[in-house]
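Hi,

Here's the model I said I'd pass along. Have a look at it first, then read on for my notes.

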Amino acid sequence: MAPCTFWRCCQRTVGWVPVLFITFVVVWSYYAYVVELCVFTLSGNGENGKAVVYLVAFHLFIVMFVWSYWMTIFTSPASPSKEFCLSNSEKERYEKEFSQERQQEILRRAARDLPIYTTSASKSKKNKSSAFLPKEFLKYAIRYCERCQLIKPDRAHHCSACDMCVRKMDHHCPWVNNCVGFSNYKFFLLFLLYSLLYCLFVATTVLQYFIKFWTNELSDTRAKFHILFLFFVSTMFFISVLSLLSYHCWLVGKNRTTIESFRAPTFSYGPDGNGFSLGCSKNWRQVFGDEKKYWLLPIFSSQGDGCSFPTRLVGTDPEQASVSNHSENTRSIGSNPPFPIKPLSESKNRLLDSEPQWLENGSEEGVVRSGL
């Protein structure tokens, strides 16, 4: 077995440790709450009615929590569709080229009919010839994954842990041992929501008996240990999950991923952290869907295909969008933009255009070839 293969197998095995830890905590909390609290403590004190109500509510929360957690873990990350993969001939030409300038020409031809809004904002570290290319050319290069050999759709990124490109990648979460992205982001949010409600319910219902055991109002039994720790654990997890859920609710309202919150996506007019924001209501519907009956269920209902996304300029007046883009572009990159200034509401590729418009800027004649 190759060393890299063995190392990857070890990574995948170790990756299940946090999941097993969460599973252990949930199983123990189930035993502590159902058996020690409801059966021994409540029923033992003649509070049978309260025990039944607690058990019904508890099982409702834990079922929704486990269902959401299961869907988050075992929903495979969505990889880009085949349209974003280079053909065999394009791969051969791309691999034979040592000039990044020519490689970008190949990628631009392949991406001409793809729904791409964003570009790469970083230089290539592999090709030394990038040092001799115009600064604008490097800044607005087509995003290409060398590992997966495909053109990255908007908001897609390569996950080193999953070893694949993931549509609308948010982050790789060790607590679910999976990559959180387009296919399971709704499930992840519901997992946080129901874990928060689960911890809140357990903490509030256990508090009364926690105080009684602490003040020795109840007899010192084996349930005391479980109830004391059940309160501490549920309170600790409630605080940590509350902060995480609040942060992701803010991201959904802004229509950003965790990656985009740290590094804004780059459009033809420059970086824009709000480029995909359509307003709070539409942003939420993009994740949870239009049918409200599915919002609180871990059933996939997100809008779109995860490869293309509407932007905040779609639906605006084309002339106003062009003027707005031009003014923003003038402030950010000067008077010679490397890509045509086009409104993002057009049906064709927003980054690429026909040869005559590309050659209007004299500074680009040395970069763009006649086949584009």
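Below is what turned up, starting with a word on conventions.

This is a predicted model, so local features need pLDDT of at least 70 and side-chain atom pairs count only at pLDDT 80 or more, while totals for chains, interfaces and linings use all residues. Residues are numbered from 1 along each chain as its sequence is written, and side-chain values use heavy atoms, with hydrogens and water left out. Helices (H or I, at least four residues) and strands (E, at least two) are DSSP runs, numbered from the N terminus.

First, the cores. I call a nonpolar core a set of buried Ala, Val, Leu, Ile, Met, Phe, Trp, Tyr and Cys residues joined through side-chain atoms within 4.5 Å; buried is under 20% relative accessible area, exposed over 50%, and partly exposed in between (1.4 Å probe, protein chains only). The largest core has 49 residues, and Y33, F58, Y185, V202 and V206 touch the most other members. Two or more residues come from each of α2 (17-42), α3 (48-74), α7, α8 and α10, with α7 giving the largest share, 16 residues.

Just after α10, G289 takes a positive phi of about 95 degrees.

Next, the aromatics. Rings of Phe, Tyr and Trp (its six-membered ring) pair if their centres lie within 6.5 Å; planes under 30 degrees apart are stacked, over 60 edge-to-face, and the rest tilted. That rule gives 26 aromatic pairs. In one of them, the ring centres of Y94 and Y144 are 4.7 Å apart with the planes at 50 degrees, so the pair is tilted. Y94 sits in helix α4 (residues 88-96) and Y144 in strand β1 (residues 144-145), 50 residues apart. Elsewhere, Y30, Y33, Y54, F58, F61, F65, Y69, F188, F191, Y198 and F201 form one aromatic cluster.

What surrounds R155? F276 and F309 make an edge-to-face pair, 6.1 Å centre to centre and 75 degrees between the planes, and both rings are buried. R155 lies over the face of F276, at 4.4 Å from the ring centre, and over the face of F309, at 5.0 Å. (The rule here is NZ of Lys or CZ of Arg within 6 Å of the ring centre and within 35 degrees of the ring normal.) R155 also forms a salt bridge with E260, the closest N and O atoms being 2.9 Å apart, and both R155 and E260 are buried.

By salt bridge I mean a side-chain nitrogen of Lys or Arg within 4 Å of a carboxyl oxygen of Asp or Glu, and the count comes to 7. Another is E36 with R222, at 3.4 Å, N to O. E36 is in helix α2 and R222 in helix α8, so this bridge ties together parts 186 residues apart in sequence. E36 counts as buried at 0% relative accessibility, whereas R222 counts as exposed at 52%. D290 and R285 form a salt bridge too, at 3.9 Å between the closest N and O atoms.

Cheers
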